[in-house]
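Me: Hi, I'm new to this one and could use a quick tour. Can we start with a pocket?

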Amino acid sequence: MLLLALDTATPAVTVALHDGTSVVAESSQVDARRHGELLLPAVDRVLADAGVRLDAVTAVVAGVGPGPYTGLRVGLMTADTFGLALGVPVYGVCTLDGLAYASGIEDGPFVVATDARRKEVYWARYDDARTRVTGPAVDRPADIAEQVAGLPAVGAGATLYPEAFPDARGPEHVAAAALAAVAAEKLAAGEELLEPRPLYLRRPDAQVPKNYKVVTPK
């Protein structure tokens, strides 16, 4: 097994290779505006560090969000393209699940929250690092303050809103190594993984204006 994992649902552009037992190589860069520019060079760098060719990959793992529309689709479209080109399966993993796994919190409950912009967070509640019990959802921190009161919180969304998440802690952004580890564990246990389809949770920011007039000739 050689899993190529990638995620662009957060400001991190993150890629990793996992051999089913451990991480072979990984790369992460935080730049919310350069997902498309940074992702493929990161894949090349990780393959070079591991000393393998792309055709050695046996499956692709992609973070499915939730995340902003533009960034999220970069990773998912790249994962789909690799899957088609290599003839290998493409699996999805919830980005928040990767953050929960990387937190190392074994005794919950706790919350994972990422920045959803518009003064909102994408969030989910966990019983432990591998067990999500609610979400993912998108809400204003003030609207969920009572639900998350007193719980440790992981992710950049938690650090942005300390009034709702006073016990915020790292990591702030997901790492593809964690997504790969989640996928490897589930595959080894015979569990199903998600389809590689985006969890947007809301409409994209860019929309066709209302009362748009068609100007093409009849």
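Me: Which helices and strands each supply at least two residues of the lining of the second largest pocket?
Reply: Strands S5 (90-93) and S8 (131-139) do, along with helices H3 (95-103) and H6 (176-188). Helices (H or I, at least four residues) and strands (E, at least two) are DSSP runs numbered from the N terminus. Keep in mind that this is a predicted model, where local features need pLDDT of at least 70. Residues are numbered from 1 along each chain.

Me: Which one gives the largest share of that lining?
Reply: H6, with 3 residues.

Me: And how many residues line the second largest pocket?
Reply: There are 18 lining residues, and Asp97, Arg130, Val182, Lys186 and Glu191 are the ones nearest the centre. By class, the lining has 9 nonpolar, 7 charged and 2 polar residues.

Me: How much space lies in there?
Reply: About 280 Å³.

Me: Where does the second largest pocket lie relative to the domains?
Reply: Between domain 1 (3-95 + 173-189) and domain 2 (106-169), because both give residues to its lining. Those bounds come from an automatic or database domain assignment.

Me: Switching topic: how many helices and strands does the chain have?
Reply: The chain has 6 helices and 10 strands.

Me: What box do the C-alpha atoms fill?
Reply: Roughly 65 × 45 × 30 Å, taken along the principal axes.

Me: Last one: what share of the chain is buried?
Reply: Of its 218 residues, 44% are buried (under 20% relative accessible area, with a 1.4 Å probe and protein chains only).

Conventions. This is a predicted model: local features need pLDDT of at least 70, side-chain atom pairs count only at pLDDT 80 or more; totals for chains, interfaces and linings use all residues. Side-chain values use heavy atoms; hydrogens and water are left out. On a 1 Å grid over the protein atoms alone, a cavity is a set of points where a 1.4 Å probe fits but cannot get out, and a pocket is an open set with protein on both sides within 12 Å along at least five of seven lines; lining residues have an atom within 4 Å of a point. Grid points are joined across faces, edges and corners, and a volume is the space filled by probe spheres set on the points. Ala, Val, Leu, Ile, Met, Phe, Trp, Tyr, Cys and Pro count as nonpolar, Asp, Glu, Lys and Arg as charged, and the others, Gly among them, as polar. Buried means under 20% relative accessible area, exposed over 50%, partly exposed in between (1.4 Å probe, protein chains only).
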